[in-house]
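Look at the structure below, then work through the questions that follow it. Each answer sets a value against a definition.

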Amino acid sequence: FPTSTYIKLWADTQRQLDTMLQREREEFLQPEEDHEKVMKMLATAYVQYLEMLRKLEAAHAHLIHQQKRAAVRQVLDGVIGRLLEIKREMVALEKCECHRMDGILMDLKRVPEDIEIPIPEYFIKENLRILQEREEYLHEILLNAGLIKQEPVTAMTLEEGIKVIQVAERARQGRARAAFMKGIYLEEKRQSRKENQETGKNPDDAATCIQKVWRGYSQRKRTEKLREEEMIFLGMNSSEMINGTGSLPPDSEAMSCLQKANVLEGEVQKREDISFRQELRTTEGPHIKETLQDQITQCFLECRHVTGRFPDYPPEKTGGSKAIFIEKHPEQVAEELAAKKEAEKQDKEKNGKKQEKAKGKKPEKAGKQVVDLGWKMGPSNFLSILEEGSAQYQVFWEKRDNRADFLQDHDPELIKGGEREEVEEEIRVQVDEVMQEKLLNIKKALDGEIGPQGKAKKGEKVRAAMLSLACRTIDSLYQELAEEGLLIKVKHVHLSDYIGYYDCLRSALRETGAQPVPSIPEVRQLVALYGILPLGSQTVHENAPLVKSLLLAGPAGVGKKMLVHAICTETGANLFNLTPSNLAGKYPGREGLMMMLHMILKVGREFQPSVVWIRDTEKMYSKGPSKGEEEMNFKRLAKLLPQFLKALKPKDRVLLVGTTSRPFDANMGPFCKAYQKIILIPKPDYLTRFGKYFNSSSLHYILQGGGALTKLVNLNCLAQVSDGFTQAHVVDVVHTVLTELRLLQMDRKPLRTAEFVTSLARHNPVYKEEEETFQ
């Protein structure tokens with residue numbers, strides 16, 4: 001599509017967003033007692049924000065103009081954050097992670113696929129080079145440590161060598177015979193010319209010659225076209241064939257052009273912004289520096305006039321001289337501090353009386369809140385971001401004429417506005433260093449003071465191992481974790497590869513008040529909302545409802561491990577594996593585990609986003625005494641996890657993910673307390689099992705290779721018979737049956753349903769009692 005299409009899409013979405021913000025101001029800020037009405041409002045807003053997210057993501061992915069992409073990115077992050085806030089309100093209202101959306105979808109004329117969560121491309125695209133370098137570095141570390149084996153170069157077998165020699169010899173004989181026949185043909189041609197010269201030309205012979213030449217030419221053209229189509233189908237066409245005389249089919253030519261356009265678009269999007277920083281530093285730098293020094297000096301003089309002494313210079317942790325630049329006079333600051341101290345004294349005196357009164361009035365207040373007050377939307381961190389993005393769009397982009405901007409180049413004034421703030425911050429840091437030294441000298445000369453001496457902190461007992469970690473580089477910690485097998489390679493699977501379809505039966509059960517197990521599409525949505533979207537964007541993670549830990553629970557083989565790898569693939573996250581078997585013999589004792597978690601936290605923060613995966617996490621909280629040293633060490637980890645989670649701040653894109661196939665073996669109190677969100681993953685339903693059989697790699701390979709599924713294979717029957725079996729069982733059955741030998745026998749021995757059923761019978765299904773225990 002042309003750029004104008006995505007500019008129009010952006011404009012339409014901005015108008016839709018303005019309407020939505022106006023509606024939020026009118027409806028969401030008013031208390032409401034009817035919970036059904038509130039839920040309908042929230043669900044409608046949720047679906048509409050999802051639609052805006054999908055449109056903004058498409059515009060951001062395909063726009064070329066860097067400043068337009070930045071404007072869209074701001075609104076895109078705001079929409080993602082607002083979506084998570086609305087989801088939090090829906091969960092708090094219904095006390096459930098999955099909601100009835102059928103009625104809302106029908107009212108809005110949407111289909112269930114419209115509430116799938118789109119994953120923005122910029123999560124990976126903007127850091128693609130860094131992620132590729134990190135992946136190559138990790139592969140090199142694992143290869144040197146012997147944890148993975150380099151793919152061996154296999155030597156040619158005797159049979160393969162004989163076959164190559166035979167092919168070469170037949171080709172040589174063919175060329176020799178062609179040269180021999182060509183000589184005979186030329187000799188016959190010379191003889192016929194001599195005869196024609198002697199007897200004269202015949203019109204019938206001439207017509208026959210022309211027909212022969214034309215038929216040969218047309219047949220060669222048809223053969224070339226068929227051969228080219230065959231090479232395209234096999235994926236063996238070369239650029240010379242495409243650009244030469246051969247012609248592509250219309251659909252293949254369109255796909256080729258689309259791929260070239262996408263590559264070109266990506267290269268254009270990577271154009272670096274024109275830097276005006278040096279120009280601003282040269283032209284406006286001296287003026288900014290002089291202004292800052294004058295303001296700081298004036299503030300210090302006024303403070304000394306009021307308080308009688310020079311103030312201490314604000315430390316850099318509190319923002320340095322930023323703390324000085326406030327719109328208040330020193331007298332106002334002094335009055336506020338005095339009033340604050342008096343208020344604190346009064347609070348301390350009346351503290352006991354207030355507590356006694358509060359105890360007597362607690363039941364009455366609680367009752368009044370239930371009767372008088374209804375639901376009200378909580379405060380939002382993203383409405384201001386959305387309103388700011390909408391205002392910027394109206395000022396800069398709404399009335400901009402894009403027809404003249406063919407190159408989609410930068411706007412210098414907008415760039416200078418952004419660069420000016422960074423230049424001011426750089427100069428402010430330099431001014432702080434100079435003014436701090438000047439203030440110290442003045443205080444020594446006038447007040448006889450010395451600089452502020454920081455009080456020595458009380459001695460903290462820090463272990464020798466922790467002190468050694470502080471001196472080590474991040475690269476050395478990264479290498480050690482990889483060599484110990486705690487930092488592992490991520491399998492490249494996407495969330496969309498977790499196949500599953502909507503189940504209307506579950507929606508019908510929810511209408512009756514029941515709480516069935518989430519369907520697979522709902523699992524995909526929850527994983528995207530709580531795992532992928534916050535990890536992918538720093539702005540979203542810092543301002544959205546913070547989810548530090550996530551638990552995936554379900555029978556063995558339903559795809560928990562695949563979902564963990566999908567989270568890492570979609571966000572480019574590192575994956576730390578703390579499986580009990582992986583921790584055996586590594587970092588023993590409490591001190592060793594503390595050092596390991598400290599290393600993971602340090603590396604995870606530096607190379608964020610990161611995922612810490614604990615497989616079979618129920619063993620940390622298992623009931624009864626520990627049976628061995630390894631199990632005892634793993635149980636110690638459960639006591640350290642709360643400290644690890646407490647150390648995670650909103651700016652740290654680190655997520656703890658636990659997976660368990662037997663959650664009922666754990667002590668439920670501390671187990672459920674450790675994980676903020678728990679997602680129960682179901683066994684596959686009929687449609688999912690049918691899709692698994694049909695989309696399995698081996699069957700897909702058969703169909704691609706020209707094979708066909710005969711009536712002897714009844715996929716509907718297989719999907720029905722495999723009720724109770726998991727996705728892993730189905731895939732294992734297909735791969736067990738369709739071996740390399742069996743694929744070679746396909747022509748003379750077609751596949752039968754009984755072959756799959758026999759292999760399926762060797763697995764143990766998920767029985768009804770286990771499923772009820774999960775529920």
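**Rings, burial and strands**

Q: Why is Phe671 called buried?
A: Phe671 has a relative accessible area of 2%. Buried means under 20%, exposed over 50% and partly exposed in between, with a 1.4 Å probe and protein chains only, so Phe671 is buried. The model is predicted: local features need pLDDT of at least 70, side-chain atom pairs need 80 or more, and totals for chains, interfaces and linings use all residues. Residues are numbered from 1 along each chain as its sequence is written, and side-chain values use heavy atoms, without hydrogens and water.

Q: What makes Tyr675 count as buried?
A: Its relative accessibility is 3%, so Tyr675 falls under the 20% limit for buried.

Q: How many aromatic pairs does the structure hold, and why is the pair of Phe671 and Tyr675 called edge-to-face?
A: There are seven aromatic pairs. The ring centres of Phe671 and Tyr675 are 6.0 Å apart and the planes stand at 75°. Rings of Phe, Tyr and Trp (its six-membered ring) pair if their centres lie within 6.5 Å; planes under 30 degrees apart are stacked, over 60 edge-to-face, the rest tilted. Therefore Phe671 and Tyr675 form an edge-to-face pair.

Q: How do you know that β4 and β5 pair?
A: Six bridges join β4 (residues 610-615) to β5 (residues 654-660), and the two run parallel. Strands (E, at least two residues) are DSSP runs numbered from the N terminus, and two strands pair if DSSP finds at least two bridges between them, so β4 and β5 pair. Within β5, Leu656 is the bridge partner of Val612.

How values were computed:
Helix = DSSP H or I, 4+ residues; strand = E, 2+ residues; numbered from the N terminus.
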